[in-house]
Amino acid sequence: MTPYRPYLRGLAALLTGVILGGATLVQADETRIRFQLDWRFEGPSAPFLMAVERGYFAEEGLDVQVDSGSGSAGAINRVASGAYEMGFGDLNALVEFLAENPEAPGIQGVYVVYDGTPASVFARKDRGIESPSDLAGKTLAAPAFDTGYRAWGIFAAANDLDADAVEWQNVDPALRETLLVRGDVDAITGFYFTSLLNLEGRGLGEEELTILPFPDHGVPLYGNAIVASEAFSEEHPEAVEGFLRAFNRALKETLADPDGAIDYVYQRDGLIDVELETRRLRLAIDSVIDTEDARANGAGAVDDERLANAIQLVADAYGLASIPEPEQVFTSRFLPPREERMIFPGQGD
């Protein structure tokens with residue numbers, strides 16, 4: 001044995017300890033964020049998963065865990081309960097939660113992703129339905145929690161239609177599109193980029209449908225937003241800011257290359273239909289993400305007057321006992337600067 005070998009072994013052990021200790025310190029400095037999606041890993045979840053896999057969250061000092069969900073209400077409840085620090089849910093469901101749980105821990109929207117609600121009416125053309133007025137006397141179906149069903153009064157009022165002029169069937173989500181395909185009902189409500197693909201998959205094509213998106217027919221509601229626990233936001237404001245910077249970066253790249261962004265969804269769930277989920281992502285972008293208002297205000301932001309109006313409309317339609325203040329529902333304090341949120345194709349070139 002050479003006289004230097006014990007020394008070298010000791011030096012190696014020391015260096016290993018320094019490296020591992022440094023890694024431990026880096027990990028200790030990261031802020032952990034458990035993030036709850038509203039639904040399964042599908043096309044629209046691409047920017048969240050991209051930000052994880054490309055290390056954008058890590059660059060902000062964040063250790064982010066993104067989990068699939070089972071609906072907006074569930075995501076909001078889990079963030080409010082403290083099970084998750086942040087999540088993705090319908091801003092209208094958040095308004096309802098705040099109104100019904102005034103003593104619960106606070107939770108706020110911090111970045112609007114769907115600038116308009118994806119809620120839409122899908123009607124059979126062979127039933128003579130071409131416009132909202134043609135729905136009078138027809139039968140519609142939707143689950144009780146569906147945004148289109150719950151906000152039906154807003155849609156009806158905006159289109160001079162008596163809200164009671166239609167008959168509703170409360171159905172299981174799995175049966176909704178099947179009932180329309182079979183002709184058991186005249187129309188349904190559902191998310192644009194979900195029900196359209198479900199109907200096509202069951203043999204009812206777009207050319208056979210009259211589609212009435214709520215935002216195109218006078219309904220100014222916002223859709224899904226990133227939400228955060230107020231307690232977490234107050235304790236770790238820099239973490240929320242970092243999360244939004246990383247997400248905003250990934251959303252910009254998703255908008256520029258939806259086909260490439262789907263790879264990150266496939267990495268998380270290898271059972272997805274890549275072509276279908278790419279189309280779902282493109283439909284979401286075209287219908288509720290890349291909108292005129294979002295381009296004007298920058299991604300993630302709200303128009304204060306529109307938000308206040310939307311909250312009042314939801315309170316009236318849902319029969320809420322109280323009306324949350326706009327600042328309870330959404331805060332812009334964590335958003336990246338406006339110039340960094342001008343991320344839509346053709347902006348900032």
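## An enclosed helix

Buried here means under 20% relative accessible area, while exposed means over 50% and partly exposed lies in between (1.4 Å probe, protein chains only). Helices (H or I, at least four residues) and strands (E, at least two) are DSSP runs, numbered from the N terminus. The buried residues of helix 5 are Leu 91, Asn 92, Ala 93, Leu 94, Val 95, Glu 96, Phe 97, Leu 98 and Ala 99.

A word on the model: it is predicted, with local features needing pLDDT of at least 70 and side-chain atom pairs counting only at pLDDT 80 or more, while totals for chains, interfaces and linings use all residues. Residues are numbered from 1 along each chain as its sequence is written, and side-chain values use heavy atoms, with hydrogens and water left out.

An open sheet of 5 strands has the order 2-1-3-10-4, with mixed pairing; two strands pair if DSSP finds at least two bridges between them. Strand 2 (62-67) and strand 4 are the edge strands, each pairing on one side only. On average, neighbouring strands of this sheet are turned by 30 degrees against each other, direction ignored. Strand 1 and strand 3 run parallel and are joined by 2 bridges, and Gln 36 stands opposite Gly 87 in strand 3.

Helix 4 lies across strand 1, strand 3, strand 4 and strand 10, at about 145 degrees to strand 3. Axes are lines fitted to C-alpha atoms, for helices over the stretch in contact, and angles run from 0 to 180 degrees between N-to-C directions. In helix 4 (residues 72-81), the buried residues are Ser 72, Gly 74, Ala 75, Ile 76, Val 79 and Ala 80. These buried residues pack against strand 1 (31-36), strand 3 (86-90), helix 5 (91-100), strand 4 (107-112) and strand 10 (224-229), where contact means heavy atoms within 4.5 Å. After helix 4 comes Gly 82, with a positive phi near 95 degrees.

## The nonpolar core

The largest nonpolar core has 109 residues, and Phe 35, Tyr 111, Leu 135, Ile 226 and Phe 243 touch the most other members. Such a core is a set of buried Ala, Val, Leu, Ile, Met, Phe, Trp, Tyr and Cys residues joined through side-chain atoms within 4.5 Å. Helix 11 gives the largest share of this core, 9 residues. Leaving aside neighbours within four places in sequence, Phe 35 has contacts that include Phe 48, Val 64, Tyr 84, Phe 88, Ile 226 and Phe 243.

## Helix 2 meets helix 11

The axes of helix 2 (residues 46-53) and helix 11 (residues 237-256) come within 8 Å and cross at roughly 115 degrees. Helix 2 contributes Ala 46, Pro 47, Phe 48, Met 50 and Ala 51 to the contact, and helix 11 contributes Ala 246, Phe 247, Ala 250, Leu 251, Glu 253 and Thr 254.

Asp 160 sits in the loop between helix 7 (152-158) and strand 7 (167-170). Asp 160 is exposed, with a relative accessible area of 76%, and its phi is positive, near 50 degrees, in a residue other than glycine.
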